[in-house]
Structures are given as structure tokens and as C-alpha cells.
Amino acid sequence: MKCECGIRNGVTKRTAHWRLLIRGTFFGIILLSVAVGPGICQEESTAGQEVTAGSQEETHVPPWEPERQALVAKGVDYLRGQQRENGSFSQSPRAGVGTSVIALMGLLRSGLTPDDPTVARGLRFLQSAVREDGGIYSGGGQIASYESCLALACFQLAKEVSGTSDYDAILANGERFLRSQQYSEENGTTQEDVRYGGVGYGTNSRPDLSNTQFFVETLHELGADETDEAIQRALVFVSRCQNLETPANTTRFAAANNDGGFYYTCVGDGESPAGEVNGGLRSYGSITYAGLKSMIYAGLDASDPRVLAASGWLRENYSLAENPGLGRRGLYYYYHTMSKTLDTLGNDSFEDAAGIQHNWKQEMVQALAAAQAEDGSWVNDNRMWMENDPVLVTGYALIVLDHCR
């Protein structure tokens, strides 16, 4: 069993949680849930370091690990060189806090600690963005929910890596702010409203599945489990963004394209950047992994029709060459969400619909090796979701590589 010591997967020493054990493959065979107590820690490693002799189980070093470590080292060096005097990383005023958080998360997941000068400056920059309402965001707060989700996950990771209590007040106040961003009974939204359980970019903005999955993941990393009311409310919204007609989804989009994948939002006229099909909204890769991951955190298992349908769509559309349904648009966000989801499921092997077994970690390392620039960065030739920014994309890539150990 992997140790998740606050460095990987958002599972921390203070969080009681369940993990998934797979026989064969999760996608269509058997999934078992077992309880794992807090503080269980069999493996702790950082980039370029071996597990200590005190490990409770035999260390397995995969054959792609030397290549993975070399990619990480070059990526870390690149990000170090991009940091500005104020501790931020992005050169774009549009980026706000988000790009710097992704860069910091990439560095922390690559073995750097909060004592590292680059990370320390970055964390001080993030602290300067903490607001009186508890949120952590830039500018006028138009994307306050999104930025706060990322920043809280980063501070939690820094806390777990260092063992410090320095961020406890930020985390407690930030969690209260974050929970206030969800559409719920607390702000007059009933379950009949399609916005119910969802979270958007900022207060009172249209909820979408991307921001809702960050919301669920951040609460999970802060210690919430599947019984948490906010996570269960989010499951209502997530289910309504799936192309699957079930008692949990009676929206007008549900039966139009009944393929089990997910789309961006069910609110209003609905939206999918992949377009429309059969009078409904086309499913696409990154958001389908986001939907599946959120359902796992909400406690659904492999027997649930929603999980079966989502995993079936992903088996039909397995790819590292593109973000299925979007081509190269959002490719690294796709890698980011895919690797988190598959690592959460706990299996290195992924069986596609043709019965081909993929070692997704090795294939991901190979894909990132082929795409890394000479200066250690990664960048997408498609600018959608700001992936023409090498700082953002390099941060994504380092997070992905941490899930490929």
C-alpha cells in the first residue's frame, strides 16, 4: 500500500479514509473498499530519494523511475528560474493566484519543502492573498472559489510536508469560506434547482463540474470524507452533469447522449466545449475523469450505474495522445485529472475497451518525456485554458509525474 503522507493524492496523516483495492482492473471487474486508519504510513519519498530502511514493506522501484526523476529535476529547475521577486510565478496579470499555486504544488510534490527558499517565497506570496472573508484570491474575487480551492490544497500540502501548525488559521477560515460558495439550502437553493450542490468560479457564478470537482477534492484533502454533507450535495450536481439517465439525473440532457461520459455544466442551456451531439452535450475526457473522481470521493463504488457508465466511457476513449473529445485542447489539464483519478483507484494497469492493458504510469512518463522542452518546461501549442503558459503547464506536469511513481 502506498503511503499518502500529505505528498500524494491528498491523503494525509490526519485523515481517516478508505482506499480502493483492485483485482484485475477497476474498470469492469472488482472493486473492494477497506477502511484505513489515520497515520498509516508505509512509504515516504521525494524526488531523487530512496525510501528509508524503516519502511514496513518492500520498496518497488518501477523501471521508468529514473526517467521520471530526470524529468522532475529539469522541471523543478525551470520553475525556480521563473519565480518573481514577490514570490509569484506567472508573468500574466490574468493568471492571478492560480498559476502560482499550481507551480508551488508541482514543487512540493517534487520533494521540495516549505523551508526551500523558492517554496518559502511562494507561500509568503499566497499568504498575501488571504482575505478577511477567509478566501484566498486575487483582484475583485471573480474567480475566488477556484483560487481558494487551489490555495487551500497547497497550504494543506505544505502543512503535511512540514508538520507545522503555521497555516491552521488560514486553513480553518478558508474552509469556511469555501463551503459558503456551494449552492445549497444555506443560500436558498433547493435540490430541485439544477445548480444545487455545484460550485462556480466565484460567489453566485454559474456552477460547473470543473470547479465542483476542485471543491470536492479540496474538502477531501482537508479531511472530509464521503459522509460530509457538502460532498453529498456536490454528488447531486456531479450526477446531473453525466450523460446518463438515472433517478439521480432527470435533466433534459440526460437521455439525449446516453454514453456515460460527463460534460461541463447542466445549468441553463448546458455547456460542453466538445460541442453537441444527438441534441445533447458531447462528453469529453478531462471532465469525465473529474466526474468519476468526485463520485469516488463521495463514496460510490464500482456497482453504482453512474460509476459503471463513466468507467465504460473512459475504457472506450483511453488516450494519451489527446484529451478525448477535445483533441489537444486542455491536454495537460486532462493529464492532471486523469493521473489523479487513476492513482486514487490504486492500479497501475488500465484495460481499454479492446482488452489491451495499459501501464498508464509508464505511458504517461513517456508522453511527458517526449514533450519536455530543452529548458525543462512543458507547454501546449493550443492556448485553451491558458495552456500556452509554460509555468502553468510545467506545474501540471510535475503534479502528474508525482502520481506516476
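Is Lys361 counted as buried or exposed? Lys361 counts as buried, at 1% relative accessibility; buried here means under 20% relative accessible area, exposed means over 50%, and partly exposed is anything in between (1.4 Å probe, protein chains only).

A quick word on the ground rules. This is a predicted model, where local features need pLDDT of at least 70 and side-chain atom pairs count only at pLDDT 80 or more, while totals for chains, interfaces and linings use all residues. Residues are numbered from 1 along each chain as its sequence is written, and side-chain values use heavy atoms, with hydrogens and water left out.

**Salt bridges**

Side chains of opposite charge can pair when their charged atoms come close. Searching the whole structure turns up 18 salt bridges, each being a side-chain nitrogen of Lys or Arg within 4 Å of a carboxyl oxygen of Asp or Glu. Here are some of them:

| Pair | N to O distance |
|---|---|
| Arg80 and Asp116 | 2.9 Å |
| Lys340 and Glu217 | 2.6 Å |
| Asp343 and Lys361 | 3.8 Å |

Take the Lys340 and Glu217 salt bridge. Lys340 sits in helix 10 (residues 331–345) and Glu217 in helix 6 (residues 209–221), so the two tie together parts 123 residues apart in sequence. Helices here are DSSP runs (H or I, at least four residues), numbered from the N terminus. Both Lys340 and Glu217 are buried.

Helix 10 also supplies Asp343, which forms a salt bridge with Lys361. That pair links distant parts of the chain, with Lys361 in helix 11 (residues 360–371), 18 residues from Asp343. Asp343 is buried too, with a relative accessible area of 3%.

Then there's Arg80 with Asp116, another salt bridge. Arg80 belongs to helix 1 (residues 65–82), whereas Asp116 is in the loop between helix 2 (98–108) and helix 3 (117–127), and 36 residues separate them. Arg80 is partly exposed, at 32% relative accessible area, but Asp116 is buried, at 14%.

Salt bridges also link Arg109, Asp402 and Arg405 into a network.

**The nonpolar core**

What about the greasy side? A nonpolar core is a set of buried Ala, Val, Leu, Ile, Met, Phe, Trp, Tyr and Cys residues joined through side-chain atoms within 4.5 Å. The largest one has 100 residues, and Tyr335, Leu368 and Trp378 have the most contacts inside it. Helix 4 (residues 144–162) contributes the largest share of this core, 10 residues.

Leaving out neighbours within four places in sequence, Trp378 is in contact (heavy atoms within 4.5 Å) with residues including Leu71, Gly75, Tyr332, Leu368, Pro390 and Leu401.
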